[in-house]
Amino acid sequence: MSSTLLIKVPDQNELNTGLAKHLLELYGDYKIVLCYAPMGAGKTTLIKEFCKALGSTDNFGSPTYSIVNEYKYPGGKIFHFDLYRLKNKEELMDLGIEEYLDSGHYCFFEWPELAEDLIKSKYKKIEIEVNENIRYLRVSNK
Ligand SMILES: Nc1ncnc2c1ncn2[C@@H]1O[C@H](COP(=O)(O)OP(=O)(O)O)[C@@H](O)[C@H]1O
Ligand SMILES: [Mg+2]
């Protein structure tokens, strides 16, 4: 089934754990989530909200320098990737990307372009657009 959901997010308060929870309920069996958006659009913020919605109480950082962060939640592990600094697919393979993708754990990606081709299972795609301080989330299944 292919469907796209467009959500209007007027301000920070509305991009909250409640919205993330709702999205998880709608797409609970999708454990791989690719977030596409320009710098500063809110990818890290959204992924943290997903982690909180899953019940994680870890200290969330931004994996810009580490490429991948690992968090715990009551159901297992969450991997949070930021591929911005990676230059090519070899670097992604060196990171062990295939094991992460096959792990069955949640994998959230910022700057996911390099990883796209390596994903063999279904995944969820979230695009964030910002227009005059209003954010739009376009959520679709792949
Ligand atoms: N829904 C939102 N409304 C208003 N500001 C937001 C929202 N989401 C994120 N921000 C703010 O935008 C800035 C960049 O967010 P961040 O999540 O780091 O973006 P990205 O990871 O896409 O570069 C942060 O200061 C954050 O607080
Ligand atoms: Mg970020």
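I67 is partly exposed, because 17 other C-beta atoms lie within 10 Å. The limits applied here are 20 or more for a buried residue and 12 or fewer for an exposed one. The model is predicted. I67 sits in the loop between α2 and β3 (68-73). Its phi is positive, about 70°, although I67 is not a glycine.

E132 also has a positive phi, of about 50°. E132 is not a glycine either. This residue belongs to the loop between β6 and β7 (134-141). E132 counts as exposed, because it has 4 C-beta neighbours inside 10 Å.

Attention now turns to the ligand. Around ligand 1 there are 14 residues. L15, G42, K43, T44 and T45 come nearest. Helix α2 (residues 43-53) gives the largest share of this shell, three residues.

The largest nonpolar core contains 25 residues. Within this core, V33, C35, C107, F108 and F109 touch the most other members. Several elements each give two or more residues to the core: β2 (32-36), α2, β4 (76-82), α4 (97-102), β5 (106-110) and β6 (124-131).

Leaving aside residues up to four places away in sequence, F108 touches V33, C35, I47, F50, I78, H80 and F81. Two of these partners, V33 and C35, are themselves among the core residues that touch the most other members.

Technical notes:
Residues are numbered from 1 along each chain as its sequence is written. Chains are lettered from A and ligands numbered from 1 in the order in which they are written. This is a predicted model: local features need pLDDT of at least 70, side-chain atom pairs count only at pLDDT 80 or more; totals for chains, interfaces and linings use all residues. A residue is near a molecule or strand if its C-beta atom, placed from the backbone, lies within 6 Å of it. Helices (H or I, at least four residues) and strands (E, at least two) are DSSP runs, numbered from the N terminus. A nonpolar core is a set of buried Ala, Val, Leu, Ile, Met, Phe, Trp, Tyr and Cys residues joined through C-beta atoms within 7 Å. Two residues are in contact if their C-beta atoms, placed from the backbone, lie within 7 Å.
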